Amino acid sequence: MHYYIIRPKRRKINRNIIRGIFEMDENAVIVEDMSEADICVLQDGWTRSRTCVKEYRQAEKVHICVHESYLYTDRWAAHVS
């Protein structure tokens with residue numbers, strides 16, 4: 001699967017999100033262009049960014065699977081709720 005991370009432009013990609021994606025899917029590929037993605041992952045703070053909201057709407061228009069979930073980590077693993 002190809003994953004695209006929707007994030008606010010002023011923030012870096014959270015390493016915990018990347019770690020969580022690879023724990024869920026060992027064959028994951030993180031892409032830079034949304035048109036190549038199968039799934040979009042929303043990073044925290046996306047609702048406060050106009051660019052992220054535009055990308056979210058664009059992903060829904062082209063029928064890319066968008067999941068809003070919460071990723072958290074403890075000492076042993078990354079978990080998705």
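Glu55 and Lys9 form a salt bridge, their closest N and O atoms being 3.7 Å apart, where a salt bridge is a side-chain nitrogen of Lys or Arg within 4 Å of a carboxyl oxygen of Asp or Glu. Because Glu55 lies in helix 2 and Lys9 in the loop between strand 1 and helix 1 (15-24), the pair ties together parts that are 46 residues apart in sequence; helices (H or I, at least four residues) and strands (E, at least two) are DSSP runs, numbered from the N terminus. This is a predicted model, in which local features need pLDDT of at least 70 and side-chain atom pairs count only at pLDDT 80 or more, while totals for chains, interfaces and linings use all residues. Residues are numbered from 1 along each chain as its sequence is written, and side-chain values use heavy atoms, with hydrogens and water left out.

Glu55 is buried at 11% relative accessibility, whereas Lys9 is exposed at 52% (buried means under 20% relative accessible area, exposed over 50%, partly exposed in between, with a 1.4 Å probe and protein chains only).

The structure holds two salt bridges, and Arg19 also forms one with Glu23, with the closest N and O atoms 3.9 Å apart. Both residues lie in helix 1, four residues apart, about one turn of the helix.

Glu55 is also among the residues touched by Met34, as are Tyr4, Cys40 and Ile64, not counting residues up to four places away in sequence (contact means heavy atoms within 4.5 Å). Cys40 is buried at 0% relative accessibility, and Cys52 is likewise buried at 0%.
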